[in-house]
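I opened this notebook to keep track of what I looked up, one entry at a time. The sequence and the structure come before the entries.

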Amino acid sequence: MNTNNHYDAIVIGAGPAGLTAGIYLSRAKLKTLIISEGTVGGQMVLTHEIANYPGVENISGYQLSNIMKKQAKTFGCDIKSNTSIQSLELEGSVKSVTLAEGETFTSSSIILTPGGRSRTLGVTGEDQFKGKGISYCATCDGDFFTGKEIVVVGGGNSALEEAVSLTKYATTVTVVHQFDHFQAYEHAIARNHPKINFVMESAITAFYGNENLESVDIKNLKSGETTNFRTDGVFVFIGYTPNTEFIKNRVEMNKKGEIVVKEDMSTNIEGVYAAGDSTAKRFRQVTTAVGDGTIAALAASNYLHETKTKNNKLIAA
Amino acid sequence: MLYTNLKHIETAADHAKVISENENVMVICGRMGPMCIPVYGIAEELEEEYKHVKFYDLEFDNPESHVIRNLAEVRGFMGIPFTIYYKNGKVAKATSSIQTKAQVKAILDKEFAATVNA
């Protein structure tokens, strides 16, 4: 074991839960490393304005993330972000994380805070036309579609609300949804909007074009029939998914892929804790993530202290 | 002005000065949105590693961003940020929408490689 690369705790994920865990652990003088596959701040950085974080009247998610990151670093926490995890060992008294660049880090405990992300369709052509007709953000890219015909994919509140907002720019908005009903609240569904059409029980199965997106294949999920549909753009709003694929079948999860934790944020594996949006819970807010991260860090600290005490007794005996 | 930790370009004159006075420049032209913020974060991290590259942002809604929006290289782009890599004042590469750190590094290594090996 390389002692330089050994930490008391490794936190996987750098959203509000992970950064809070990093702050608490490093402030308790525990050698801590945060590893994040994404940007520091997680989904929080994408929030334009946070007005309900106690003690702060108004702040952008980006700024709050920067403050949390600075706090964690001030207490001595190491942070590696925008990296990729190649392998992970959670069992046993020494855990390990190997990055794609080849570096391996070991630790006595791990806190999983990988958060979640917007779902993508995962069909042919999606990567090719991202930014060239396919978008996941109406506020960002809506104005590029002024006077154009577009498709919105999804049936939740985000999809239906963004469909209405995109009518400011587009001449027609066709909402494609896989079920025969919407999950969105009734008030969000603009059934009689002159610019909005609905294609139900259907899914996009491929994107086509040359330089830019020109058409999509839409499959009717009931009849199985596929038709090619000309469009200038597609906005995808099909919800969020927890970033837990990398620990599938290793840590106990529910059917949605969310990590099951006990009251102290411990998982089914000794020395492994989880916190934030990737855990099975009802409410997902910055404040709840911060609370989860605090509990996980304190429980991990307690675990580390007890383990150290036990090992010292064994040596003395 | 964008509230990132990058240096900001605010006018067309600033832009002209930056790309004429520096051999390798990356300019991210975007908003504070979900496709742009990760790219700013990546650039902030890479500033330390790529000292021979100057990293800047430019607000997409600033009228002065016409210097980016009117480039021939961004024709057909329909997703922000528009990220432009300048070598000796000329566009070496341009990308649309969100990019990963690996994608950004691959461009920096390819387009600005001569300086890395110098």
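Entry on domains. I kept in mind throughout that this is a predicted model. I looked up the domain assignment of chain A, and found domain 1 (3-118 + 240-316) and domain 2 (134-236), with 36 Å between their centres, taken over C-alpha atoms.

Entry on the core. I then turned to the largest nonpolar core, which has 114 residues, and noted that A:I111, A:V152, A:V234, A:A296 and B:V27 touch the most other members. Helix 5 (residues 286-316) of chain A gives the most to this core, with eight residues. Because domain 1 and domain 2 of chain A both give residues to this core, I recorded that it lies between them. For A:V152, I listed contacts beyond four places in sequence, among them A:A159, A:L166, A:V175 and A:F237.

Entry on helix 2 of chain A. I checked its length: its 14 residues should span 20 Å at 1.5 Å a residue, and the end C-alpha atoms are 20 Å apart, which agrees. Its buried residues include A:Y62, A:L64, A:M68 and A:A72, and the buried residues pack against helix 1 (16-27), strand 2 (32-35) and strand 3 (78-80) of chain A, together with helix 2 of chain B. Just after this helix, I noted that A:G76 takes a positive phi of about 100°.

Entry on helix 2 of chain B. I found B:I37, B:V39, B:Y40 and B:I42 among its buried residues, and the packing partners of the buried residues include helix 2 (61-74) of chain A and helix 4 (101-111) of chain B.

Methods: Residues numbered from 1 in each chain as written. Chains lettered and ligands numbered in written order. Predicted model: local features only at pLDDT ≥ 70, side-chain atom pairs only at ≥ 80, totals over all residues. Domains from an automatic or database assignment. Core = buried A, V, L, I, M, F, W, Y, C linked by C-beta atoms within 7 Å. Buried ≥ 20, exposed ≤ 12 C-beta atoms within 10 Å, placed from the backbone. Helix = DSSP H or I, 4+ residues; strand = E, 2+ residues; numbered from the N terminus. Contact = placed C-beta atoms within 7 Å. Expected span 1.5 Å × (residues − 1).
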